[in-house]
Amino acid sequence: MAWRSSGRTNAQLIGNLSKNGILHSERVIEAMKAVDRANYVPSYGEAYEDSPQTIGHGATISAPHMHAYASEHLLPYLRPGSKVLDVGSGSGYLVAVLHELVSPGGKVVGIDHIQELVDSSVENLTKDGRGDAIKRGEIVMLAGDGRLGHPEGGPYDAIHVGAAAATVPEALLDQLARPGRMFIPVGVYLQNIEHIDKDEHGKIHEEEVMGVRYVPLTDRDKQLE
């Protein structure tokens, strides 16, 4: 049903995602309503299509239904005051949604290894009314190797990874809070979204939740080939 969720406005897109059973939580619905996807895509005319779109530099912004799934699956760990890491933050769209879900008092760190994407994501977030959140340090956008995370900002209650890893990066596991959850696509040819849950004692539990097709989590040079 995901492909039927496109709309002509942001509100209609979110309404269709809800009607089609992808969005369930009122908190996520309100968060996605508060973030206008038109501020994060190159073509306004395609802003509310439920499909991925290229944003340059070998990167894409995921389809809205995948951002909806990610937010719903991470929701138990997205509370006011939570700290979140978004690996492969791209356009900055999901960073904005996550910021809505952990405010007030929370912090979202977005990391991408393409500096030009980081710069444009800051412009997108500012255009979407989140410039003050950046100035206050509630949103931090960084250029770097997302596979290594950003240990200075951790541990993170929730980690979202927006590209497929062949295996779960150990550095990200180390930066996951106790308790905490990572939402990550894993695999090369056959990929699955996995929940990587760490309990209060540090024990790891992995669960496959859905099959997907993501671009690979790689380095800058390979992405730009």
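Helix 1 passes helix 2 in a right-handed crossing, a crossing being right-handed if the near helix is turned clockwise from the far one by less than a right angle, and left-handed if anticlockwise. The contact is made by Asn10, Ile14, Leu17 and Ser18 on the side of helix 1 and by Ile29, Met32 and Lys33 on the side of helix 2, where contact means heavy atoms within 4.5 Å. Sorted by class, these residues are 4 nonpolar, 2 polar and 1 charged; Ala, Val, Leu, Ile, Met, Phe, Trp, Tyr, Cys and Pro count as nonpolar, Asp, Glu, Lys and Arg as charged, and the others, Gly among them, as polar.

This is a predicted model, in which local features need pLDDT of at least 70 and side-chain atom pairs count only at pLDDT 80 or more, while totals for chains, interfaces and linings use all residues. Residues are numbered from 1 along each chain as its sequence is written, and side-chain values use heavy atoms, with hydrogens and water left out. Helices (H or I, at least four residues) and strands (E, at least two) are DSSP runs, numbered from the N terminus.

Two packed helices are described by the angle between their axes and the distance between the axes. For helix 1 (residues 10–19) and helix 2 (residues 26–33), the angle is about 155° and the axes are 9 Å apart, which makes helix 1 roughly antiparallel to helix 2. Axes here are lines fitted to C-alpha atoms, for helices over the stretch in contact, and angles run from 0 to 180 degrees between N-to-C directions; those over 145 degrees count as roughly antiparallel.

From the helices we can turn to the aromatic rings. A search of the whole structure finds 2 aromatic pairs, a pair being rings of Phe, Tyr and Trp (its six-membered ring) with centres within 6.5 Å, called edge-to-face if the planes are over 60 degrees apart. The rings of Tyr40 and Tyr93 are edge-to-face, because their centres lie 5.6 Å apart and their planes stand at 80°. This pair links distant parts of the chain, 53 residues apart, since Tyr40 lies in the loop between helix 2 and strand 1 (53–56) and Tyr93 in helix 4 (residues 93–102). Tyr40 is buried, with a relative accessible area of 2%, and Tyr93 is buried, with 1%; buried means under 20% relative accessible area, exposed over 50%, and partly exposed in between (1.4 Å probe, protein chains only). The rings of Tyr44 and Tyr48 also form an edge-to-face pair, with centres 6.2 Å apart and planes at 80°, yet Tyr44 is exposed at 59%, whereas Tyr48 is buried at 7%.

Tyr93 leads on to the rest of helix 4, which is largely enclosed by the rest of the structure because 9 of its 10 residues are buried. Val95, in helix 4, is buried with a relative accessible area of 0%. Not counting residues up to four places away in sequence, Val95 touches Asp86, Ser89, Val108, Gly110, Ile139 and Met141.

Finally, the backbone deserves a look. Most residues other than glycine have a negative phi, and most peptide bonds are trans. His57, in the loop between strand 1 and strand 2 (59–61), has a positive phi of about 60° although it is not a glycine, and His57 is partly exposed at 35%. The peptide bond from Ser103 to Pro104 is cis, with omega near 0°, and Pro104 sits in the loop between helix 4 and strand 4 (107–112). Another cis peptide bond joins Arg178 and Pro179, with Pro179 placed in strand 7 (residues 176–186).

How values were computed:
Angles under 35 degrees count as roughly parallel, over 145 as roughly antiparallel, 65 to 115 as roughly perpendicular and the rest as oblique. Rings of Phe, Tyr and Trp (its six-membered ring) pair if their centres lie within 6.5 Å; planes under 30 degrees apart count as stacked, over 60 as edge-to-face and the rest as tilted.
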